[in-house]
Amino acid sequence: MLNKYSDENKKIAMGFLSYITDLKDLDNLEQELELYSEDENRQLYLWKSNLDDFSGIVALSFSERTVFVEYISLNPSYRSQSNIFKIFDDIQQKFPKRVILANFGLNAELIQWRKNKEKLEKDKDMEEID
């Protein structure tokens, strides 16, 4: 579940952002938070895996037809392809009319997620025919 970042969650967000090498420096981290709070085409979302505490943070930027995943930073115990796929599902659910794009580091997972979705759709269609 994606929850839009707010200042009341600043310490939690900073913790997840500190997992990113370029944001280990406090000044860089503060600039990153400022960038996402000032630019209306960029948003940070804290992610909950289920009903647990927050498990990570997702940085998104938007154009008219797309949502671009800048990065995903997860608690080490939640770093898995299945959780990345859940995040893509949550993004698609939250922004159903936009195409999801991702940075170079996440693009392979995005392609695999799309393939899995297509296969599930085909399987579902075949079940309906039977």
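**Briefing: ring pairs, sheet and salt bridges**

Ring pairs link Tyr45, Phe62 and Phe95 into a cluster, where rings of Phe, Tyr and Trp (its six-membered ring) pair if their centres lie within 6.5 Å. This is a predicted model, in which local features need pLDDT of at least 70 and side-chain atom pairs count only at pLDDT 80 or more, while totals for chains, interfaces and linings use all residues. Residues are numbered from 1 along each chain as its sequence is written, and side-chain values use heavy atoms, with hydrogens and water left out.

**The sheet and its helices**

- An open sheet of five strands has the order E1-E2-E3-E4-E5, with mixed pairing; helices (H or I, at least four residues) and strands (E, at least two) are DSSP runs, numbered from the N terminus, and two strands pair if DSSP finds at least two bridges between them.
- Strand E1 (2–4) and strand E5 (99–102) stand at the edges with a single partner strand each, so one side of each has no neighbour in the sheet.
- From one strand to the next, the twist averages 35 degrees, with axes being lines fitted to C-alpha atoms, for helices over the stretch in contact, and angles running from 0 to 180 degrees between N-to-C directions.
- Strands of a sheet pair through backbone hydrogen bonds, either parallel or antiparallel.
- E1 and strand E2 (residues 42–48) pair in the antiparallel sense over three bridges, and lysine 4 has tyrosine 45 in E2 as its bridge partner.
- Helix H2 (residues 26–38) lies across E2, strand E3 (54–62) and strand E4 (66–74), and runs at about 110 degrees to E2.
- Helix H3 (residues 81–94) packs on the sheet and touches E1, E2, E3, E4 and E5, its direction making about 145 degrees with that of E4; contact means heavy atoms within 4.5 Å.

**Aromatic pairs**

- A pair of aromatic rings is described by the distance of the centres and the angle of the planes.
- The structure holds four aromatic pairs, and by the angle of their planes such pairs count as stacked under 30 degrees, as edge-to-face over 60 and as tilted for the rest.
- In one of them, the rings of tyrosine 36 and tyrosine 71 have centres 6.5 Å apart and planes at 75 degrees, so the pair is edge-to-face.
- That pair links distant parts of the chain, since tyrosine 36 is in helix H2 and tyrosine 71 in strand E4, 35 residues apart.
- Tyrosine 36 counts as buried at 6% relative accessibility, and tyrosine 71 is buried with a relative accessible area of 13%; buried means under 20% relative accessible area, exposed over 50%, and partly exposed in between (1.4 Å probe, protein chains only).
- The rings of tyrosine 45 and phenylalanine 95 have centres 6.2 Å apart and planes at 75 degrees, so this pair is edge-to-face.
- Tyrosine 45 lies in strand E2 and phenylalanine 95 in the loop between H3 and E5, so the pair ties together parts that are 50 residues apart in sequence, and both residues are buried.

**Charges over ring faces**

- Arginine 42 lies over the face of tyrosine 36, at 5.7 Å from the ring centre; a charge sits over a ring if NZ of Lys or CZ of Arg is within 6 Å of the ring centre and within 35 degrees of the ring normal.
- Lysine 48 lies over the face of phenylalanine 54, at 5.0 Å from the ring centre.

**A buried serine**

- Serine 55 has its place in strand E3 and is buried, with a relative accessible area of 0%.
- Not counting residues up to four places away in sequence, serine 55 touches Phe16, Trp47, Lys48, Ser49, Leu74, Asn75 and Tyr78.

**Salt bridges**

- The structure holds three salt bridges, each being a side-chain nitrogen of Lys or Arg within 4 Å of a carboxyl oxygen of Asp or Glu.
- The side chains of glutamate 30 and lysine 10 meet in a salt bridge (3.4 Å, N to O), which links glutamate 30 in helix H2 with lysine 10 in helix H1 (residues 10–17), 20 residues apart.
- Asp39, Arg42 and Glu70 are linked in a network of salt bridges: the closest N and O atoms of aspartate 39 and arginine 42 are 3.3 Å apart, and glutamate 70 meets arginine 42 at 4.0 Å, N to O.
- Glutamate 70 lies in strand E4 and arginine 42 in strand E2, so their pair ties together parts that are 28 residues apart in sequence.
- Arginine 42 counts as partly exposed at 26% relative accessibility, and glutamate 70 counts as partly exposed at 22%.
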